[in-house]
Structures are given as C-alpha cells and as structure tokens.
Amino acid sequence: MLSYDGFFSRAALGQFGFRWLHILAGITWIGLLYYFNFVQVPAFAQFEAEPHKEIGGKARNIAIDKVARKALWWFRWAAVLTALTGILITVVTEDYFNEGFGSSSRGLSISVGMLLGIIMLLNVWGVIWRCQKIVLANAANVLAGGEPDPNAAAAGRKAMMASRQNTIFSVSMLFFMVYTSHGPYTSIVELDGGKVAGFWIISLILIVVLELNSLQLLPWKGQPNKGLNVIYDGPGVRNPLIASFGLFIIFLILTEVFFKV
C-alpha cells in the first residue's frame, strides 16, 4: 500500500527537498561562473583596447567596482549553499554511504562529482575570492584617485586561472552528478577491485595535475599560453571550451571502460 509522509519527512527531504535546493543553488553558482568566464572576462579585456584605452580603463574599474562586486557576492555564497545542501542530502538520506558507495559504478560516479565540487568550492573561497578582493580594492582605490596596486594584475591572473579551471571541471562534475542516477552503467553492484583502482588512479592524476596547474604550481606558473596554461588562454574562450569538453570526453571513456559490471 502506497503512503505519503509529506514534504518534510526524512525520505522526501533527502530525495527531493534538499536536491531541489541543491540544483537551484548550483544553477546560480555555475551560471555566474559561466558569466564570468564567457562574458565578463572577454568583455572587460576590450575596455582597455585602443583607441580609447584611457577612458576604457576607467569604465573597466567602474564595472569591476559596481558589477563584478555584486556578482561575486552571489557567486561565492551560491557555492556555499550548493555545498551545504549537498551535505544535507547525504545526512538526511538513510544509508547514503552504504550499498557500494566506493566500489560500485553509482558510488564512483557520485564520488568523483563530489570531489570535483569540493575542489571547485575551495577554489572559489581559497583562490578566486581572496584574489578578487585585491582586484576590487584596487579598482575602488583608483576610482578614488589613488595609485594602482602593483599586485592587482597578478591577483587577477591567479583568480582567472582558478576560475577557468573551475569552468573546465564543471562540465565533468555535472556529467557525474547526472550520471549517478541516469547513466547507462549505474548500479550498486560492486565492481572488480582492479577496475575501481584503475578508474581512481587515472581520474586522480587528471584532477590533481589540472588543479596544480591552476594554482600556478607547475614549472610555467602563471605565464600566459605556456605549458598547460594554454587551456586558459588563446583567442576568446575557445581553449577553455575545448578543455572543458575534452576532459568530459576522457571521463566518458573511463566510465565506458571501467563501469561495466
């Protein structure tokens, strides 16, 4: 016999309520991430292009102070809300971490999605926002007649690299989040240990190398178009888009190879 326990029952909150909030917050977070990378960064770069470089520089600082400041508020707190609602799902849902969480295709899928989401959150608060505070302060100071902060350009570059890396991670993160419930090889049947190990080794190598690169910890550091930094630079937003879907294709192939029972 079917029963209805109401929206605020533990089962309903875990399966629907907090998932809805999780998706809503995630749309806000990732939507603003795409705005920054695909709209704001290319547009702001044009402010200081010739022949109106001096006027454009002032307009850019006004836009940073008035537009980017507000967008960054929604961006960073949407990231927090996305993470908190994700945690609530795992707490409220009964036996969430049981039934092959770390050894089934379903468990591996959501694990990688979670890992990417956590790294992206840490990038937002540990890198992007810390660096953007320097950029925002510099814009406000220059508009008030002060001298430009010589550290602002380097801070902006570091924030941009972390933001572009989050964009690259986001496509695969969303892929795994959706794959967990709707992918072709999602089950709670435990996979062979070799498959689990192989999937994690390749996945972690990819994730760690890309994250270290975004933190400027590889030999070419923050130099534009050097080494792996080419995925953040190039003409327009072509390279970040190619890298985003290139990483997704690699993960798609990994699921096809390792997720079959």
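**Reading the helices and their core**

Colleague: How many residues does α4 have, and what distance does it reach from its first C-alpha to its last?

Modeller: α4 has 31 residues and reaches 44 Å from its first C-alpha to its last, close to the 45 Å expected at 1.5 Å a residue. This is a predicted model, and what follows should be read with that in mind.

Colleague: Where does α4 bend?

Modeller: A bend is read as the angle between axes fitted to the seven residues ending at a position and the seven starting there; in this case α4 bends by about 30° at F169.

Colleague: Which residues of α6 are buried, and how should I read their placement around the helix?

Modeller: Buried residues are those under 20% relative accessible area, and in α6 they are N239, P240, A243, S244, L247, F251, L254, T255 and F258. They lie on the same side of α6, because the arc they cover around the axis is only 155°. These buried residues pack against α4 (152-182) and α5 (193-214). α6 itself, residues 238-258, has 21 residues and reaches 30 Å from its first C-alpha to its last, close to the 30 Å expected at 1.5 Å a residue.

Colleague: Which residues have the most contacts inside the largest nonpolar core?

Modeller: A nonpolar core joins buried residues of the nonpolar kinds through side-chain atoms within 4.5 Å; the largest one here has 51 residues, and W29, F75, F169 and F199 have the most contacts inside it. The elements that give two or more residues to this core are α1 (10-47), α2 (53-92), α3 (105-143), α4, α5 and α6, and α3 gives the most, with 14 residues. Apart from this core lies another, of seven residues, among them F18, V92, Y96 and F101.

Colleague: If neighbours within four places in sequence are left aside, what is F199 in contact with?

Modeller: With those neighbours left aside, F199 is in contact with L108, V112, F176, L254, F258 and F259. F199 is also one of the residues with the most contacts inside the largest core, while L254 and F258 are among the buried residues of α6.

Colleague: Is P42 buried or partly exposed?

Modeller: P42, which is found in helix α1, is partly exposed, with a relative accessible area of 26%. Leaving aside neighbours within four places in sequence, P42 is in contact with F36, N37 and V237. P42 and G236 are 194 residues apart in sequence, yet 6.6 Å apart in space, C-alpha to C-alpha.

How values were computed: Residues are numbered from 1 along each chain as its sequence is written. This is a predicted model: local features need pLDDT of at least 70, side-chain atom pairs count only at pLDDT 80 or more; totals for chains, interfaces and linings use all residues. Side-chain values use heavy atoms; hydrogens and water are left out. Helices (H or I, at least four residues) and strands (E, at least two) are DSSP runs, numbered from the N terminus. The expected span of a helix is 1.5 Å times one less than its number of residues. Buried means under 20% relative accessible area, exposed over 50%, partly exposed in between (1.4 Å probe, protein chains only). The arc is that of the directions from the helix axis to the C-beta atoms. Contact means heavy atoms within 4.5 Å.
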